[in-house]
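Work through the exercises below with the structure open beside you. Try each task before you read its solution.

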Amino acid sequence: MRLNVLSNENTDFEIEVNHKIAPFEVEIDPTNTCNQDCYYCNVHDFRKDFPDKASTEDYVNLIRGLPDTVGKIVFSGGGEPTVHKDASILIEEACKKNAEVGLITNGTMLYRLNLSENNRPDWMGIDIDAVNDEDYYKIRKHKFKYVLKNVKEEVPKIKKYGTKLTFKYLITDYNNTWEHFTEAIDFAVEHGFDEFFARIAHFKDGHVIEPITDWDDVHNKLDIYCKEKKIVFLSAFAKEKDFRNTTEPIEKCFGP
């Protein structure tokens with residue numbers, strides 16, 4: 001069971017938990033605000049209709065009140081978590097719980113995080129998608145130099161604290177060639193990432209990204225290349241194949 005807490009909730013966050021069905025994983029979305037404008041993003045209307053209302057105190061109380069059965073706390077959301085002015089405080093509170101702590105970010109504002117050996121996520125997924133200026137801007141409407149600066153300056157510090165780092169690669173219309181894949185994997189290796197995770201973008205209008213060959217072949221070739229480069233390869237391609245056989249609605253940009 002997963003409890004998803006959205007930033008537009010305006011309550012006192014008092015949680016009554018039946019411990020027989022208590023959530024194992026809690027995803028906390030600290031803000032709906034984002035500093036990028038990804039072309040595949042499906043949450044523009046959501047941000048407009050549900051502006052941020054919850055305070056830092058609300059989230060602190062929420063985290064403190066989570067039952068001991070919660071095994072994972074992930075900061076993510078329709079916005080960029082590091083935009084929240086007190087993101088480090090929320091991470092610190094989560095680290096006090098006996099749970100795995102994760103952060104999903106676009107990596108452009110890592111410098112705002114006040115992390116330490118005792119106050120840091122167990123793992124951090126950084127959505128980068130492309131490692132050159134032209135393709136990165138097509139996908140995210142943002143300048144690659146900002147994420148590059150943060151990766152160069154902040155990632156070594158974060159790794160020093162023991163956080164596992166995952167390079168997250170969403171396959172879109174602008175980064176779906178072998179050259180794009182290998183360029184991104186080389187970048188991930190060069191900058192000390194532990195994992196390379198690939199998945200496929202989905203769109204509300206039904207548009208999906210087709211594989212170069214088929215997803216099994218793409219998975220196998222990327223896995224071989226990552227092994228050569230000594231980085232762990234992960235993918236959602238198996239889930240993708242299952243998902244295409246269903247008619248479930250697309251609610252998030254990363255599909256299944």
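## Exercise 1: Helix α6

α6 is followed by Gly192, whose phi is positive, near 85 degrees. Keep in mind that this is a predicted model.

**Solution.** 

**Task.** Find which residues of α6 are buried, and describe where they fall around the axis of α6.

**Solution.** 
- Step 1. Buried means under 20% relative accessible area. His180, Phe181, Ala184, Ile185, Phe187 and Ala188 of α6 are buried.
- Step 2. Look down the axis of α6. The buried residues fall within an arc of 160 degrees, so they line one face of the helix.
- Step 3. Turn to the other side of α6. Glu179 and Glu190 are exposed there.
- Step 4. Now find the partners. The buried residues of α6 pack against α4 (133-140), α5 (144-160), β6 (164-171), β7 (195-200) and α7 (215-229).

## Exercise 2: An aromatic pair

**Task.** Classify the ring pair formed by Phe167 and Phe187, and say which parts of the chain it ties together.

**Solution.** 
- Step 1. The structure holds 14 aromatic pairs. Phe167 and Phe187 form one of them, with 6.1 Å from centre to centre.
- Step 2. The planes of Phe167 and Phe187 are 65 degrees apart. Planes over 60 degrees apart count as edge-to-face, so this pair is edge-to-face.
- Step 3. Phe167 lies in strand β6 and Phe187 in helix α6, so the pair ties together parts that are 20 residues apart in sequence.
- Step 4. Check burial. Phe167 is buried at 0% relative accessibility, and Phe187 is buried at 8%.
- Step 5. Widen the view. Ring pairs link Phe167 and Phe187 into a cluster whose members include Tyr136, Phe144, Trp178 and Phe233.

## Exercise 3: The nonpolar core

**Task.** Name the residues that touch the most other members of the largest nonpolar core, then list the contacts of Phe196 beyond its neighbours within four places in sequence.

**Solution.** 
- Step 1. The largest nonpolar core has 62 residues. Phe75, Met124, Ile128, Phe167, Phe193, Phe196 and Phe237 touch the most other members.
- Step 2. Take Phe196. Leaving aside neighbours within four places in sequence, its contacts include Phe167, Phe181, Ala184, Ile185, Ala188 and Cys226.
- Step 3. Look at Cys226. This residue is buried, at 0% relative accessibility.
- Step 4. Cys41 is also buried, with a relative accessible area of 16%. The structure holds zero disulfides.

## Exercise 4: A loop residue

**Task.** Decide whether Leu110 is buried or exposed, and find what it contacts.

**Solution.** 
- Step 1. Locate Leu110 in the loop between β4 and β5 (123-127).
- Step 2. Leu110 has 1% relative accessibility. The cut-off for buried is under 20%, so Leu110 counts as buried.
- Step 3. Set aside neighbours within four places in sequence. Leu110 is in contact with Thr105, Met124, Ile126, Asn150, Glu154, Val155 and Ile158.
- Step 4. Compare Val83. Leu110 and Val83 are 27 residues apart in sequence and 9.6 Å apart in space, C-alpha to C-alpha.

Methods
Residues are numbered from 1 along each chain as its sequence is written. This is a predicted model: local features need pLDDT of at least 70, side-chain atom pairs count only at pLDDT 80 or more; totals for chains, interfaces and linings use all residues. Side-chain values use heavy atoms; hydrogens and water are left out. Buried means under 20% relative accessible area, exposed over 50%, partly exposed in between (1.4 Å probe, protein chains only). Helices (H or I, at least four residues) and strands (E, at least two) are DSSP runs, numbered from the N terminus. The arc is that of the directions from the helix axis to the C-beta atoms. Contact means heavy atoms within 4.5 Å. A disulfide is a pair of cysteine sulfur atoms within 2.5 Å. Rings of Phe, Tyr and Trp (its six-membered ring) pair if their centres lie within 6.5 Å; planes under 30 degrees apart count as stacked, over 60 as edge-to-face and the rest as tilted. A nonpolar core is a set of buried Ala, Val, Leu, Ile, Met, Phe, Trp, Tyr and Cys residues joined through side-chain atoms within 4.5 Å.
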